[in-house]
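The structure is shown first.

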Amino acid sequence: MRSTLALVESPAQLLNVLEWAHVHPGEAASLTLAVLQPVDPRSREQVRRLCRFASRSQVVWRRYEVRAGYLGRAGELMRLGRAVGAADRLVIGDLFSRTIQLLLPRSKAREVVVVDDGTATTELVSLLTDGHQQLTRWHQGEVKPSAKGGPVNRWLAREELDRTVFFTCMPVTAPPGTEIRPNEYAWSRETFGPVRVRPGADLAGSSLVETGVVDEDRYVEAVGWIARSRAAGRYLAHRRESPAKLARIAGATGMEIVHPELPLELTALTEPIGRSVLTFASTIAYTLPIVLRGAPVRVELCELDDAWITPDTAERSVDFLRRISALAVDRHGLTRIPPQPRGRERSRDAAYEPSEPLPAAQREA
C-alpha cells in the first residue's frame with residue numbers, strides 16, 4: 001500500500017483533503033495529514049476544529065510549526081522533510097507556497113494530488129500549462145515565462161512520477177500529462193446539514209483590502225451600499241480581515257460582524273445561513289452553489305468597480321478577478337449585483353432588483 005502524506009497550510013486546503021479522502025478511500029487508506037500551522041489566530045482556530053473532524057474520519061494528523069523562530073523552523077522542516085521523503089503519494093494544497101517548494105526536492109513520490117486552494121487553482125493551472133518560470137500568486141505582480149519551465153514544472157515532469165491529479169471544483173482544463181477529478185463536496189454534504197435558512201441576506205467578507213488590491217475606503221463604502229440595497233444584516237468576516245477594518249464596517253453599516261469558526265462551506269451546513277449569500281470575487285462563488293445545491297439559498301456575486309482598485313495593482317491581478325467572476329457566473333448561473341452607480345445619491349430606501357432569474361439549482365422549493 002502506498003503511503004500518502006498531505007501537506008496543508010490553510011483551513012480550505014485541509015477541508016479539501018478530507019473531501020478527497022472521502023471520495024477516494026482506497027488511496028487515502030494510509031493518509032497522514034501534515035498541518036503546516038498558519039500564523040493568524042482565526043486560521044489556526046479553524047484548522048484546529050477541522051483536525052477534530054479529521055480524527056473522527058480516522059485520519060492521522062500532525063502539526064508542524066514551520067513559521068516559528070529560526071531554530072524552531074529549521075527543526076520542523078527537517079522533521080517534515082523526512083516525512084516528505086518517505087511518502088509514495090503527496091497530496092498538496094498549495095504549490096505556490098515557498099515552504100512546499102522548499103520540500104519538493106526531497107520527494108520521490110510516484111503520485112501527486114493537488115487539491116483546491118480556492119480560486120488560486122485556476123491561476124496555478126494556467127501558469128503550469130504555460131510553463132512559467134516561477135509560480136507567483138495572482139496578486140503579487142506579473143510573471144515571466146520560461147522555455148525550460150520552473151522548478152515545480154520540472155518536478156512534476158520527473159520520469160519516476162506516474163500520475164498527477166487535480167482534485168478541484170474549479171472550471172479548469174488539465175495541464176498536459178495530468179488529469180482532473182471533480183470535487184463535489186460529498187463529505188461536507190453527507191456529514192452535515194440539512195441547511196437551516198434564516199431570513200435576510202448575509203454578506204461574505206473579502207481580504208482584497210488586506211492583499212492590497214482594493215482600496216479600504218472604497219471597500220467600506222461598497223459594503224455600505226450593498227448592506228443598504230440588499231438589506232444585509234450580517235457580515236461574515238474573512239479570517240484574514242483586520243480588526244480595524246471590521247470595526248469601520250460595523251460602525252458604517254450597523255451590520256453584525258460574525259467570525260465563522262469553520263470555512264464558510266461548513267458554516268453554511270452547520271449554522272443558520274441567510275436566504276441570500278452575497279460575495280465578492282472569491283472561492284465561495286464556486287463552492288457554495290455546490291454545497292447548498294437543492295437548498296432555498298441564493299448565492300449572488302457582488303461585482304467589483306475598477307475605481308476600487310489600488311494604483312499599484314498589476315493588470316494581471318485585475319484580469320484574474322474579472323476572469324474568476326465571469327467563470328463563476330457562467331458555471332453556476334449566479335445573479336450579479338452591480339456596484340453603486342457613480343454620482344447617484346445614496347439612499348437607505350434604495351433597493352436592488354436582480355435582473356437575472358434565480359437558477360434552477362438554487363430556486364426555492
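## An enclosed helix

The buried residues of helix H5 pack against strand S5 (111-115), helix H6 (151-156), strand S6 (163-168) and H12. Those buried residues are Ala 120, Thr 121, Thr 122, Glu 123, Leu 124, Val 125, Leu 127 and Leu 128. Because 8 of the 11 residues of H5 (residues 120-130) are buried, the helix is largely enclosed by the rest of the structure. Buried means under 20% relative accessible area, exposed over 50%, and partly exposed in between (1.4 Å probe, protein chains only). Contact means heavy atoms within 4.5 Å.

The model is predicted: local features need pLDDT of at least 70, side-chain atom pairs count only at pLDDT 80 or more, and totals for chains, interfaces and linings use all residues. Residues are numbered from 1 along each chain as its sequence is written, and side-chain values use heavy atoms, with hydrogens and water left out.

## The chain as a whole

The secondary structure of the chain comes to 12 helices and 13 strands. Helices (H or I, at least four residues) and strands (E, at least two) are DSSP runs, numbered from the N terminus. Of the 365 residues of the chain, 54% count as buried. Among contacts between residues at least 6 apart in sequence, 69% join residues at least 24 apart.

## Two helix pairs

Two packed helices are described by the angle between their axes and the distance between the axes. Axes are lines fitted to C-alpha atoms, for helices over the stretch in contact, and angles run from 0 to 180 degrees between N-to-C directions.

| Pair | Angle | Axis distance |
|---|---|---|
| H1 (residues 11-23) and H2 (residues 41-56) | about 15 degrees | 9 Å |
| H8 (residues 216-230) and H9 (residues 243-253) | about 40 degrees | 10 Å |

H1 and H2 are therefore roughly parallel to each other, whereas H8 and H9 are oblique. Angles under 35 degrees count as roughly parallel, over 145 as roughly antiparallel, 65 to 115 as roughly perpendicular and the rest as oblique.

H1 passes H2 in a left-handed crossing. On the H1 side, Pro 11, Leu 14, Leu 15 and Leu 18 meet Ser 43, Gln 46, Val 47, Leu 50, Cys 51, Phe 53 and Ala 54 of H2. By class, this contact of H1 with H2 has 9 nonpolar, 2 polar and no charged residues. Ala, Val, Leu, Ile, Met, Phe, Trp, Tyr, Cys and Pro count as nonpolar, Asp, Glu, Lys and Arg as charged, and the others, Gly among them, as polar.

H8 passes H9 in a right-handed crossing. The contact is made by Glu 216, Asp 217, Tyr 219, Val 220, Val 223, Gly 224 and Ala 227 of H8, with Lys 245, Arg 248, Ile 249, Ala 252 and Thr 253 of H9. The residues of the contact of H8 with H9 divide into 6 nonpolar, 2 polar and 4 charged. A crossing is left-handed if the near helix is turned anticlockwise from the far one by less than a right angle, and right-handed if clockwise.

Glu 76 lies in helix H3 (residues 70-86) and counts as buried at 15% relative accessibility. Its side chain reaches the backbone nitrogen of Glu 65 at 2.7 Å. Leaving aside neighbours within four places in sequence, Glu 76 is in contact with Arg 63, Tyr 64, Glu 65 and Val 66.

Asp 305 is found in the loop between strand S12 (298-302) and helix H12 (315-332). Asp 305 is buried, with a relative accessible area of 9%. The side chain of Asp 305 reaches the backbone nitrogen of Ala 307 at 2.9 Å. Not counting residues up to four places away in sequence, Asp 305 touches Pro 339 and Arg 342.

Conventions:
A polar contact is a pair of N or O atoms within 3.5 Å; within protein, one must be able to donate a hydrogen and the other to accept it, and residues adjacent in sequence count only if both atoms are side-chain atoms.
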